[in-house]
Amino acid sequence: DDLRNNSAWNHRYFVVERTSDLSDPAIVEREADYALRYIERAPSNQSPWNYIKGVARKVGFARVPQARAACERHGQAEPACVEALALFDANTGSIE
């Protein structure tokens with residue numbers, strides 16, 4: 001219920017990583033979509049951005065286009081979302 005509860009996000013990652021195949025693009029898409037619903041409610045909340053980063057790691061961020069779109073949208077918002085910009089720039093000057 002508490003979208004800012006970093007421990008809950010960490011626990012979700014722990015469970016998903018151990019019960020699912022995070023190299024499966026369908027699983028990554030499902031989990032990214034889940035996190036993006038919370039990002040839309042609180043864009044500056046670092047926890048779901050970090051969650052997306054973790055679940056996208058094995059398949060590569062380029063294979064999670066909905067996250068890239070969210071980074072671009074929130075990074076260009078006024079005021080810009082620092083978390084979106086950080087994720088966008090973390091890997092070679094573009095989206096991680």
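Ala56 sits in helix α3, which spans residues 46–56. Helices here are DSSP runs (H or I, at least four residues), numbered from the N terminus. The model is predicted: local features need pLDDT of at least 70, side-chain atom pairs count only at pLDDT 80 or more, and totals for chains, interfaces and linings use all residues. Residues are numbered from 1 along each chain as its sequence is written, and side-chain values use heavy atoms, with hydrogens and water left out.

Is Ala56 buried or exposed? Ala56 is buried because its relative accessibility is 2%. Buried means under 20% relative accessible area, exposed means over 50%, and partly exposed lies in between (1.4 Å probe, protein chains only).

Helix α3 also holds Ser47. Ser47 is buried too, with a relative accessible area of 6%.

The table lists contacts (heavy atoms within 4.5 Å). Neighbours within four places in sequence are left aside.

| Residue | Relative accessible area | In contact with |
|---|---|---|
| Ala56 | 2% | Val28, Phe61 and Val64 |
| Ser47 | 6% | Arg4, Asn6 and Trp9 |

Take Val28. Ala56 and Val28 are 28 residues apart in sequence, but 6.2 Å apart in space, C-alpha to C-alpha.

Now the core. A nonpolar core is a set of buried Ala, Val, Leu, Ile, Met, Phe, Trp, Tyr and Cys residues, joined through side-chain atoms within 4.5 Å. The largest one has 27 residues. Leu22, Trp49, Tyr51, Ile52, Phe61 and Val64 have the most contacts inside it. Two or more residues come from each of α1 (6–19), α2 (25–41), α3, α4 (65–75) and α5 (82–89). Helix α2 gives the most, with 7 residues.
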